[in-house]
Amino acid sequence: MPSTRRVVIAVFPDVDLLDVTGPAEVFALANRETGSQAAYQVRLVGRSRGEVTTSAGVRLVADLSFAETLAENAGVLDTLIVPGAVDPGPGGSVARIDRDVVEWVKAVAPQARRVASVCAGAHLLAAAGLLDGRTATTHWSTAAQLAADHPAVTVDPDPIFVRSGTVWTGAGISACMDLSLALVAEDLGEEVALAVARQLVMYLKRQGGQSQFSVPLSLPPAARRGIDELRMFIAEHLDGDLSAAALAGRMCLSERHFARVFRQETGTSPASYVEATRVEAARRLLEGTDQGLELVAAGCGFGSVETLHRALRKHLGTTPAAYRRRFRTTGRPGQPAH
């Protein structure tokens, strides 16, 4: 393995700006944290050298052309990153397929040790045939398109990122930082990746298996404003009385009528929604704090550790202790997270 890992990021007209600059910043900070500018060398590659205008209107400068990278010696490329772009469509966002990028990816991917896509860049990897027979993710808004256009790809719209062998796919926007941190952790170790996350002032370093969605964000806004206000109340009062009777009282509805309205607006029962919201809160505490299970259970409204255990087994298929071991992002001062 060479001491300098050469990373190339594709750029093309209307590419999403953060998909390019987010990974580049993570690798630059990894260089700073290791005290070496040789850990990563990042280059932007486009149809030709020169300026490329992103979707944000900010212009980037491609260091190399696609043709130049193909003319170089094979084996010198460590990581290939393919960002994405979307266009508005009648039913929402539509991933843009840039054919020049697709053809370049087909040709250059065999030279790379690993390939990663960010956001809608998964559509470009799929068009190049790199995702056939693999599980992949992308931004939730284009996941249905990816599945429809590429039936040979198993599309999982939930995770932040997915690794399938040497191919990584990431979800949208800020998830590019999580995927890039995972690449750094693979190369330089978890401690360096966590140090980079701290420099970025990221709330936590999320693992790939975590969901793109929080419980409130996974549901569309309700037609009745009172239901959205109630959902906010639930999130802010998890350790309070959130029984169907109490919630119905806040809505000034009978319990039966409230249950019917809530299901109509959210697609789930009040009890299921409250439990899922409490599980999400427990996940955050297990990931980001050293609180004992008794405090986690009480703070999230489960009442007992036993109830917390049952809920996590039901929703996540694991125990609180096992979940913390896998996803914990904090440690005692001076120690890495476990």
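**Briefing on local features**

At 32% relative accessibility, D14 counts as partly exposed. The residue sits in the loop that links β1 to α1 (17-34), and although D14 is not a glycine, its phi is positive, at about 70°. The coordinates come from a predicted model, in which the protein averages a pLDDT of 86 and 87% of the residues score at least 70.

**Confidence**

- Over residues 330-338 the pLDDT is below 50, and beyond near neighbours in sequence this stretch has 15 contacts in the model.
- Where pLDDT is low, the predicted coordinates should not be read in detail.

**Loop residues**

- C252, which lies in the loop between α9 (244-251) and α10 (255-266), also has a positive phi in a residue other than glycine, here near 60°.
- With a relative accessible area of 71%, C252 is exposed, the cut-off for that class being over 50%.
- T138 is placed in the loop between β10 (135-136) and α5 (143-149), and at 0% relative accessibility T138 counts as buried.
- The side chain of T138 is joined to the side chain of T142 by a polar contact of 3.5 Å.

**Helix α3 (residues 99-108)**

- At the start of α3, a side-chain oxygen of D98 reaches to within 3.1 Å of the backbone nitrogen of D100.
- The buried residues of α3 are V101, V102, W104, V105 and V108; seen down the axis of α3, these buried residues fall within an arc of 165°, so they line one face of the helix.
- The cover over the buried residues of α3 includes the strands β1 (5-10), β2 (40-46) and β6 (79-82), together with the helices α2 (66-71) and α4 (121-127).

**Helix α13 (residues 305-316)**

- Helix α13 has twelve residues and spans 16 Å from its first C-alpha to its last, which is close to the 16 Å expected at 1.5 Å a residue.
- Within α13, the residues L308, A311 and L312 are buried; they cover an arc of only 95° around the axis, which puts them on the same side of α13.
- An α-helix has 3.6 residues a turn, so residues three or four places apart point the same way.
- The exposed residues E306, R313 and K314 are carried on the face of α13 that is turned away from its buried side.
- Just after α13, G317 takes a positive phi of about 70°.

**The seven-stranded sheet**

- Seven strands form an open sheet with mixed pairing, in the order β5-β2-β1-β6-β9-β13-β12.
- The edges are taken by β5 (64-65) and β12 (161-164), each with a single partner strand, so one side of each is left without a neighbour in the sheet.
- The pairing of β12 with strand β13 (residues 167-170) is antiparallel and runs over four bridges, and F161 stands opposite G170 in β13.
- Strands of a sheet pair through backbone hydrogen bonds, either parallel or antiparallel.

Definitions and conventions. Residues are numbered from 1 along each chain as its sequence is written. This is a predicted model: local features need pLDDT of at least 70, side-chain atom pairs count only at pLDDT 80 or more; totals for chains, interfaces and linings use all residues. Side-chain values use heavy atoms; hydrogens and water are left out. Helices (H or I, at least four residues) and strands (E, at least two) are DSSP runs, numbered from the N terminus. The expected span of a helix is 1.5 Å times one less than its number of residues. Buried means under 20% relative accessible area, exposed over 50%, partly exposed in between (1.4 Å probe, protein chains only). The arc is that of the directions from the helix axis to the C-beta atoms. Contact means heavy atoms within 4.5 Å. A polar contact is a pair of N or O atoms within 3.5 Å; within protein, one must be able to donate a hydrogen and the other to accept it, and residues adjacent in sequence count only if both atoms are side-chain atoms. pLDDT is the predictor's confidence in each residue, from 0 to 100. Two strands pair if DSSP finds at least two bridges between them.
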